[in-house]
Amino acid sequence: MAHTFMAANKIIAWANEHNIEVKVETQGSDGVKNRLTKQDIASATAIILATDVPIQDAERFENIPHLQTRTQELIKHTDRYLR
């Protein structure tokens, strides 16, 4: 679970540094937090899925450009994945 929130914090910090609006949904042992709405997804330029296990309702992201990576990869190489 710690990696979920570490990745979320890295995404938020990077987005703030670059003046980019971002919304981060987390799915961990404590459930789904800050769930992305249909409107959030429809208005997104892209989605980044930093996962270590399958996510709930992954089909929500099928029609939007998305990148999938492991959470530890995103934590280590945030700029590479987010720029």
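**Exercise 1.** At 19% relative accessibility, does Arg-60 count as buried or exposed?

*Solution.* Keep in mind that this is a predicted model. Step one: recall the cut-off, since buried means under 20% relative accessible area. Step two: Arg-60 comes out at 19%, so it counts as buried. Step three: check its salt-bridge partner, Glu-25, with closest N and O atoms 2.8 Å apart. The two sit in distant parts of the chain, 35 residues apart: Glu-25 in the loop between H1 and E1, Arg-60 in the loop between E3 and E4. Glu-25 is buried too, with a relative accessible area of 17%.

**Exercise 2.** Work out which parts of the chain the salt bridge between Asp-40 and Lys-23 links.

*Solution.* Start with the contact itself: the N to O distance is 2.7 Å. Now place each residue. Asp-40 belongs to helix H2 (residues 38-43), while Lys-23 is in the loop between helix H1 (2-17) and strand E1 (26-28). That puts them 17 residues apart.

**Exercise 3.** Sort the side chains of strand E3 (residues 47-50) by the face they point to.

*Solution.* First, the general idea: in a regular strand, side chains alternate between the two faces of the sheet. Next, apply that to E3. Last, find the neighbour: E3 runs parallel to strand E4 (residues 66-69), joined by 4 bridges. In E4, Leu-67 is the bridge partner of Ile-48.

Terms used
Residues are numbered from 1 along each chain as its sequence is written. This is a predicted model: local features need pLDDT of at least 70, side-chain atom pairs count only at pLDDT 80 or more; totals for chains, interfaces and linings use all residues. Side-chain values use heavy atoms; hydrogens and water are left out. Buried means under 20% relative accessible area, exposed over 50%, partly exposed in between (1.4 Å probe, protein chains only). Two strands pair if DSSP finds at least two bridges between them. A salt bridge is a side-chain nitrogen of Lys or Arg within 4 Å of a carboxyl oxygen of Asp or Glu.
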